[in-house]
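Hi there,

Here is the structure I promised to pass on.

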Amino acid sequence: MIRSVSLSVRKTALCAVIGAMVGAAAPAFAQNEQFIPMLSYRVGPYAAGGTGFFGGFIDYLDMVNKRDGGVNGVKLTWEECETEYKNDRGMECYERLKKKGPTGATVVDPLSTGITYAISDRAPTDKIPVVSLGHGRSDAADGRVFEYVFPLITSYWSQSTAKIKFIGQKEGGMDKLKGKKIVNLYHGSAYGKETIPVLDVQAKKYGFTVTHIEVPHPGNEQQSQWLQVGQIKPDWVILRGWGVMNPVALRTAQRVGYPSNKILGVWWSGAEEDVLPAGDAAKGYIAASFHPSGTNFAVIQDILKHVYGGGKKGNVDDPKRIGQQYFNRGVIQGILAVEGIRVAQEKYGKGKPITGEQMKWGLENLNLSEQRLKQIGASGLMSPLKSSCLDHEGGGAIKFMAWDGAKWTNITDWIQSDQSIVRPMVEEAAAKYAKEKHLTPRKC
Amino acid sequence: MIYREAGQFKTTYAKDQAIFPIRQDRYAMAAILTIAFFIVPFSVSDYWFNAILIPFLILALAALGLNILTGYTGQLSLGTAGFMAVGAFAAFNFMLRVPGMPLLVAFILAGLTAALVGIAFGLPSLRIKGFYLAVATLAAQFFIEWVLIKFGWFSNYNSSGVITAQPMIILGYEFITPRSKYLLTLAIVAVMALAAKNMARSETGRVWMAVRDMDIAAEVIGINILKAKLLAFAVSSFYCGVAGALWAYAYLGSVEPSAFTLDRSFQILFMIIIGGVGTVLGSFLGAAFIVLLPILLNVGAHYIPGVPRDLLSNLELIVFGGLIIFFLAVEPHGLARLWQIGKEKLRLWPFPH
């Protein structure tokens with residue numbers, strides 16, 4: 001009797017019906033397509049980063065489809081799912097999209113450390129590679145334990161060593177670091193804490209003192225932290241912020257009188273969206289990045305021509321954002337994804353879609369030399385990258401830029417990370433993870 | 001006429017005191033349990049287990065815990081997610097540091113740890129009430145989150161403070177497939193829901209409701225307010241602790257303290273407000289509403305062509321908020337009350353009164 005069925009059963013039935021509709025109505029993909037799920041976030045406090053990054057990523061894939069007809073004739077397809085930067089929504093989106101397309105999901109980059117941690121536990125069972133471009137987890141650089149996780153180009157630990165090298169350069173040599181004081185102002189989250197160990201190791205090695213000061217999320221109020229900085233009077237402040245913490249930090253620094261050109265930001269504190277709200281407090285502020293801003297790269301010009309040319313609309317609403325930090329980062333993710341697909345196709349068969357497992361092989365055998373970058377049109381946009389089974393990071397380099405009030409200008413050339421410090425830490429952390437999870441690392 | 005009770009005579013005290021005195025209710029409950037335990041595991045895809053059923057069950061358990069505290073005892077608490085975090089990290093540490101620890105024992109110990117923490121933060125309830133108590137429990141939320149991030153011992157000195165849950169093994173069987181995780185979660189939640197229902201119907205529950213309705217009168221008639229309130233905090237935190245442990249082990253697999261922020265506490269509070277405070281069914285209905293409806297909206301939004309993505313995401317939030325306002329305007333006591341009214345009407349149908 002329908003009417004005496006309880007409400008909860010009715011709700012379950014409704015869910016089942018909707019679920020069946022969803023399953024049945026899922027668009028039937030043509031066979032020659034490569035599906036990439038987009039775990040994007042366009043609402044919430046980090047929407048500025050999400051819209052820029054995923055805009056660049058989607059525009060690059062769109063451009064490859066329009067300019068080259070896909071990768072060797074295999075068209076790239078994608079579908080977005082809003083994660084709101086929340087771990088459980090990210091999981092749900094991943095589960096929803098992982099089987100779409102003729103060969104399932106090819107590669108996933110959720111642009112969120114939390115979601116990456118959650119998904120990287122499932123990726124080996126589902127055989128879908130997870131790329132965490134420039135974000136956590138750093139210990140996944142050891143491909144023997146983390147077979148399906150790729151912290152490509154460079155991880156947080158590597159970036160930290162490059163920062164210390166830069167500070168050493170500015171001080172006149174790594175030996176001049178002895179006795180210097182550095183403050184690590186970090187965001188109170190898993191992301192923020194991640195560089196504390198590597199900074200401590202470097203402090204011991206080079207003889208400087210590092211003080212870690214936490215800014216509780218979200219970082220709207222930093223008066224007490226910067227007063228503490230004023231007492232310590234450090235030579236440098238490393239700003240490891242996220243979202244609204246960044247402009248607030250720069251404005252508070254100006255108020256307490258700390259010079260902005262001694263503040264060194266990580267790349268999640270180094271986008272236009274982070275410095276514009278701070279106004280002139282941000283002039284002179286230096287940030288690290290693994291790619292420059294700007295539109296005068298052949299690949300960005302191609303996007304402008306093929307995707308936005310003739311008044312067409314791309315994925316980004318405001319054309320000024322093309323060429324800015326987050327957009328270019330998304331383009332680089334696109335470049336890595338397409339190159340991974342191309343390399344995998346060379347081995348497993350050109351012109352047909354590859355599976356996630358084959359994509360993993362492709363991502364492990366990337367060889368983006370300077371020559372190849374010139375062919376792609378990304379020379380100067382990315383540093384050369386070479387990944388392997390042992391090294392899922394690729395050995396990318398970092399550039400430093402200064403903000404002049406209107407745009408970022410590079411002030412250094414590519415600086416390599418110090419793998420002699422980072423790699424032993426990576427292997428130790430990966431071994432610990434393998435022990436906790438009862439995993440046997442594979443041989444490389 | 002549908003819900004006829006005519007002819008259903010209670011011949012023993014036990015039958016009179018049953019949780020479902022009406023035969024149709026018993027059949028419906030048996031059907032729901034049969035479907036949940038035997039039909040659903042073999043008829044839905046992994047996506048449903050991993051992304052819909054397991055988080056729904058776990059958050060329903062946490063909502064049940066909060067309902068015991070706020071719904072039955074009237075102690076407004078905003079520390080739910082903090083107690084969940086205690087449970088998750090306690091389970092991780094017990095499994096890690098005690099060799100050969102069985103999984104279920106680890107969950108129970110995690111719940112007890114959360115209960116102890118709950119008692120500690122519940123002490124202010126003896127002096128303050130209402131919104132002031134909410135602020136004190138807010139302190140619990142922030143303090144617990146801070147402690148778990150600050151002291152690396154809790155996350156085994158992981159550089160990001162993230163814990164990775166060990167594999168779940170009971171008597172040699174490893175719960176690795178989504179179906180097995182779902183069944184384990186369902187079993188734990190069903191047992192604890194039954195316990196909660198019975199607690200609510202027993203003297204303990206009546207004591208709690210007396211404290212909620214007028215604690216001065218309760219004290220006058222001889223109820224020990226200290227024990228009642230602290231017991232409520234303990235039991236509620238036990239439930240939230242087990243829910244947190246399940247969140248880490250059966251759902252996400254690796255969890256950081258920021259999975260249990262103030263947002264999560266508010267989310268669970270909203271679940272019981274919309275579902276119905278002071279009812280067991282309300283916890284489940286509220287959890288279904290808050291967990292499943294946004295996903296439904298998100299999936300549905302995909303079928304609207306041509307609208308830009310960020311507009312759709314924001315529309316989802318707007319529609320969700322609108323539905324909350326609508327349901328609370330229609331029935332402030334929540335969805336469970338709507339169901340109760342429906343049942344009352346069904347008992348008399350087709351007669352109006």
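**What I found**

Chain B has an average pLDDT of 90, and 100% of its residues score at least 70. This is a predicted model, with an ipTM of 0.78 and a pTM of 0.83.

Let me begin with the place where the chains meet. The contact draws on 41 residues of chain A and 40 residues of chain B. On the chain B side, helix H2 (23-39), helix H3 (46-72), helix H12 (280-301), helix H13 (309-330) and helix H14 (335-348) each contribute at least two residues. H12(B) gives the largest share of that side, eight residues. Sorted by class, the side of chain B that touches chain A has 23 nonpolar, 13 polar and four charged residues.

Next, chain A by itself. Its domain assignment gives domain 1 (31-154 + 294-396 + 424-436) and domain 2 (156-289). The centres of these two domains of chain A, taken over C-alpha atoms, are 28 Å apart. Where they touch, 16 residues of domain 1 of chain A are in contact with 19 residues of domain 2 of chain A. Helix H2 (47-68), helix H4 (113-120), helix H13 (325-348) and helix H16 (419-436) of chain A each give two or more residues to the domain 1 side. That side of domain 1 of chain A has six nonpolar, nine polar and one charged residues.

One of those helices, H13(A), has 24 residues and spans 34 Å from its first C-alpha to its last, close to the 34 Å expected at 1.5 Å a residue. H13(A) is also mostly covered, with 20 of its 24 residues buried. Just after H13(A) comes A:Gly349, which takes a positive phi of about 125°.

Now for the packing. Which residues touch the most other members of the largest nonpolar core? They are B:Ala62, B:Ala91 and B:Ala248, in a core of 229 residues. Domain 1 (31-154 + 294-396 + 424-436) and domain 2 (156-289) of chain A both give residues to this core, so it lies between them. Setting aside residues up to four places away in sequence, B:Ala248 touches B:Ala88, B:Ala91, B:Phe92, B:Ile163, B:Ala165 and B:Val255.

Helix H3 (residues 87-97) of chain A deserves a look too. Eleven of its eleven residues are buried, so H3(A) is largely enclosed by the rest of the structure. The buried residues include A:Asp88, A:Arg89, A:Glu92, A:Glu95 and A:Arg96. What do the buried residues of H3(A) pack against? In chain A, the partners are strand E1 (33-40), strand E2 (75-82) and H4, and in chain B they are H3, helix H10 (225-252) and H12.

Is A:Ala162 buried or exposed? A:Ala162 has 24 other C-beta atoms within 10 Å, and 20 or more count as buried, so A:Ala162 is buried. Leaving out neighbours within four places in sequence, A:Ala162 is in contact with A:Ala288, A:Ile398, A:Ile415, A:Gln416 and A:Ser417.

Best wishes

Technical notes: Residues numbered from 1 in each chain as written. Chains lettered and ligands numbered in written order. Predicted model: local features only at pLDDT ≥ 70, side-chain atom pairs only at ≥ 80, totals over all residues. Contact = placed C-beta atoms within 7 Å. Helix = DSSP H or I, 4+ residues; strand = E, 2+ residues; numbered from the N terminus. Nonpolar A, V, L, I, M, F, W, Y, C, P; charged D, E, K, R; others polar. Domains from an automatic or database assignment. pLDDT = per-residue confidence, 0-100. Core = buried A, V, L, I, M, F, W, Y, C linked by C-beta atoms within 7 Å. Buried ≥ 20, exposed ≤ 12 C-beta atoms within 10 Å, placed from the backbone. Expected span 1.5 Å × (residues − 1).
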